[in-house]
Amino acid sequence: QVWLVESGGGLVQAGGSLRLSCAASGRTDSIYRMGWFGQAPGKEREFVAAIRWGGGSTYYADSVKGRFTISMDNAKNTVYLQMNSLKPEDTAVYYCAAVPRPGASYEYWGQGTQVTVSS
């Protein structure tokens with residue numbers, strides 16, 4: 001079992017920045033990859049970024065490339081999403097999720113944190 005807790009959301013003006021955090025606990029030794037997803041009002045949850053557990057390979061949705069950066073602190077079992085040059089269309093509830101082994105899907109999810117970008 002893996003538990004994920006997000007933090008760092010809030011209200012920011014367009015062009016501003018936020019850093020989201022996702023703290024993992026439990027069987028963290030089993031985690032293969034971590035991801036961030038965003039769900040805007042009335043829309044489906046969408047992939048934002050992902051990183052191999054322990055650092056290394058990163059992946060981004062085209063819409064956030066060059067603006068968002070995913071990283072992790074191995075000692076703290078925490079994954080971050082640095083969000084720069086925010087746009088109103090980035091407004092969403094952001095969730096972190098964990099893939100427990102290669103080939104598996106995202107099986108563990110946090111509760112989400114709200115990001116609101118005003119124009």
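In the predicted model, valine 48 is placed in strand β5, which spans residues 46-52. The relative accessibility of valine 48 is 7%, so this residue counts as buried. Beyond its neighbours within four places in sequence, valine 48 is in contact with Trp36, Phe37 and Gly38, with Tyr59, Tyr60 and Ala61, and with Val64, Phe68, Leu81 and Tyr94. Alanine 104, which is 56 residues away from valine 48 in sequence, lies 18 Å from it in space, C-alpha to C-alpha.

Four aromatic pairs are counted in the structure. In one of them, the ring centres of phenylalanine 37 and tyrosine 106 are 4.9 Å apart and the ring planes meet at 80°; because this angle is over 60 degrees, the pair is edge-to-face. Phenylalanine 37 belongs to strand β4 (residues 33-39), whereas tyrosine 106 is found in the loop between β9 (92-99) and β10 (108-109), so the pair ties together parts of the chain that are 69 residues apart in sequence. Both partners are covered: phenylalanine 37 is buried at 10% relative accessibility, and tyrosine 106 is buried with a relative accessible area of 19%, a value that falls under the 20% limit for burial.

Phenylalanine 37 forms a further aromatic pair with tryptophan 109, with a distance of 5.0 Å from centre to centre and an angle of 55° between the planes, and this pair is tilted. This pair, too, links distant parts of the chain, since phenylalanine 37 lies in strand β4 and tryptophan 109 in strand β10, 72 residues apart. Tryptophan 109 has a relative accessibility of 34% and therefore counts as partly exposed. Through ring pairs, Phe37, Phe47, Tyr106 and Trp109 are linked into a cluster.

Arginine 45 is placed over two aromatic rings. It lies over the face of tryptophan 109, a member of the cluster, at 4.6 Å from the ring centre. Arginine 45 also lies over the face of tyrosine 95, where the distance to the ring centre is 3.9 Å.

Cysteine 22 lies in strand β3 (residues 18-26) and cysteine 96 in strand β9, so the bond ties together parts of the chain that are 74 residues apart in sequence. The torsion about the S-S bond is about 60°, and the disulfide is therefore right-handed. Cysteine 22 and cysteine 96 are both buried.

Serine 21 is likewise found in strand β3. At a relative accessibility of 15%, serine 21 counts as buried. Apart from residues within four places in sequence, serine 21 is in contact with Val5, Glu6 and Ser7, with Trp36, and with Thr78, Val79 and Tyr80.

Towards the end of the chain, valine 117 lies in strand β11 (residues 113-118). Valine 117 is buried, with a relative accessibility of 6%. Residues up to four places away in sequence being left out, valine 117 touches Val12, Gln13 and Ala14, together with Leu86, Lys87, Pro88, Asp90 and Thr91. The C-alpha atom of valine 117 is separated by 33 Å from that of glutamine 1, which is 116 residues away along the chain.

The chain as a whole contains eleven strands and zero helices. Its radius of gyration is 13 Å, close to the 14 Å given by the globule rule for 119 residues, so the chain is as compact as a globular protein of that length. Along the principal axes, the C-alpha atoms fill a box of roughly 40 × 25 × 25 Å. Of the 119 residues, 45% count as buried. Among contacts between residues at least 6 apart in sequence, 52% join residues at least 24 apart. The chain exposes about 6100 Å², of which carbon and sulfur atoms supply 46%.

Notes
Residues numbered from 1 in each chain as written. Predicted model: local features only at pLDDT ≥ 70, side-chain atom pairs only at ≥ 80, totals over all residues. Heavy atoms only, no water. Phe/Tyr/Trp six-rings, centres within 6.5 Å; stacked < 30°, edge-to-face > 60°. Helix = DSSP H or I, 4+ residues; strand = E, 2+ residues; numbered from the N terminus. Buried < 20%, exposed > 50% of the residue type's maximum accessible area, 1.4 Å probe, protein only. Lys NZ or Arg CZ within 6 Å of the ring centre and 35° of its normal. Disulfide = S-S within 2.5 Å. Contact = heavy atoms within 4.5 Å. Rg over C-alpha atoms; globule rule 2.2 N^0.38 Å. Areas by Shrake-Rupley, 256 points an atom, 1.4 Å probe, with all protein chains shown as cover.
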